[in-house]
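Colleague: Could you take me closely through the nonpolar packing in this model, and then through the charged pairs? Please give the cut-offs as you go.

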Amino acid sequence: MTAPLRPAARGIPARTWFDFATVLVALILYSIAWPTLFVTHEVSPVTAPLLSALAAFPILFVRVNPALGWAISAGAALLFSIGLQPGADNDLPFQVVHVIVLFVLLFAVALRAAVPIVVVAWAATSMLFATTMPGSDTGPLWGWAMGFGALALFGYLVRILLASRRKLEHQEEVTELERARRAILEEKARIARDLHDVVAHHMSMVVVQAQTAPYRIDDLDPASRAEFESIGATARTALNEIRGLLGVLRSDGQLPEHAPQPRASDVPALCASALRAGLPVDWTVTGDLESVPETSGLVVYRVVQESMANCARHAPGAAVHVAVAVDPGEVSVTVHNAATATVSQPGAGGGHGIDGMRTRVVAVGGELHAAPTLSGGFEVSVKLPTH
C-alpha cells in the first residue's frame, strides 16, 4: 500500500571506521619506517623507535587536527634533515614514509583548516622540500611550490564540493519537513471542511424545524412560539459562525464544496469505480452501512479511498481486498494488498497518506494500524466508534 520506511542507520559509524583505518595505516607506516631507517640514515638502535614514530604517527591527527599533525611532521622532517646523516646509498634527507605522511597531512589541512593556515602550510612545505631535497637551488623552489599548490588547491576544491553537498542535503531535509508539515495542515483543513459540512447539515435541519414548528403544530402558545424563534435564531448564528470559520480554513481562491459528503454506504460504489478503473479490488461488507453516523462514515470512506490510491501508487498490479464490518458500537475497516514485484521507492508520491488517515481517525476517537504483512503485502486496519 505504501513503500516501507527506510530503516534507521545501524552498525559502526563512519567516523569510527575512518579512525580504525587511520590507526591501521599509521601502524603499517611505522612498521616500514623502523626497519628501513637503519638503511636510509645512520642512527642508533635506541633512537630508531622514536624517530620512526615522528615519521609515521603524525598521520593519526589527520581527522582530529590535521594542522597540528602537519606541524609535527614538518618539524620532524626539518630535524631529520639537520641532525641525521643519510646512509651511503641514500640522498633523501628524510624517509619516503615521512614524505607520504606530509603529503596526506597537507591535503587534509587544505580540506579542513582555515585558509590562512592552508597558505602557511603550503608555503612552509614548499620551502622545506626546496631547501632540503638534493639539487636545491632557486629553480626547484618554484617547482615544489607549484606541485604542493596543486595538491592544496585540489583539497580545497574537494572541501567546497563537500560543503555544497552538505548544504544541499540540509536544504532537502528542511524542504521535506516543510512538505510534511504542509501536507498535515492541508489534511487538517480538509477534515475541518468535511466536519463543517456534516455539522452544517444538522444545524440547517434544526433551523428549518424551528422555523416551521409554528406552522406544523396547532394551538401553539406565544411563549412556545417565541422559544422556537429563539432556537432558530441561535442555530442560524451558530451556522454563520461555522461558515466564517470555514472561510478562514479554506485556501485562497478555493470555492465552497456544495456536493453532499460521502458516507459509509458509498464505499461499495467507490470500490466498483476503482475496479472499473483497472484496480484489481474485491470487497466484502458486513452489517448495515446506513447505520454508520455521518462523521464516522465520512472517515470510513476517506480511509478506503486513500488506501486504494496508495495500493495503485505503491503496489501496482497487486490484488486488493477491502472489508468493512459494522458491529454494535463499532465499525472496522481493513484494506489489504498482496505482495507484488513492482514496488515504488520510499518517499514516492509524498508519503503522507497514512499520516492524513491517522489524523482523520484520531479526530473521531478511532484507532489506525498500518504495517507490512508477513506475506510481503501491506495492510491498513481501522476501528471507529459508531456512537
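**Core and charged pairs**

Modeller: The largest nonpolar core holds 35 residues, and of these Trp70, Phe94, Leu102 and Phe129 touch the most other members. H4 gives the most, with nine residues. Another core lies apart from it; that one has 32 residues, among them Val304, Met308, Val326 and Val335.

A nonpolar core here is a set of buried Ala, Val, Leu, Ile, Met, Phe, Trp, Tyr and Cys residues joined through side-chain atoms within 4.5 Å. Buried means under 20% relative accessible area, exposed means over 50%, and partly exposed is in between (1.4 Å probe, protein chains only). Helices (H or I, at least four residues) and strands (E, at least two) are DSSP runs, numbered from the N terminus. This is a predicted model, in which local features need pLDDT of at least 70 and side-chain atom pairs count only at pLDDT 80 or more, while totals for chains, interfaces and linings use all residues. Residues are numbered from 1 along each chain as its sequence is written, and side-chain values use heavy atoms, with hydrogens and water left out.

Now the charged pairs. A search of the whole structure finds five salt bridges, a salt bridge being a side-chain nitrogen of Lys or Arg within 4 Å of a carboxyl oxygen of Asp or Glu.

Two of them can be taken together. Glu176 and Arg179 form a salt bridge at 2.5 Å, N to O; both residues lie in helix H6, three residues apart, about one turn of the helix. Glu176 is partly exposed at 35% relative accessible area, and Arg179 is also partly exposed, at 36%. The side chains of Arg181 and Glu178 meet in a salt bridge at 2.8 Å, N to O. Arg181 and Glu178 are separated by about one helical turn, because they are three residues apart in helix H6. Arg181 is partly exposed at 45%, as is Glu178 at 36%.

The next pair is Glu294 with Arg263, whose closest N and O atoms are 3.4 Å apart. Glu294 is partly exposed, with a relative accessible area of 21%, and Arg263 is partly exposed at 27%.
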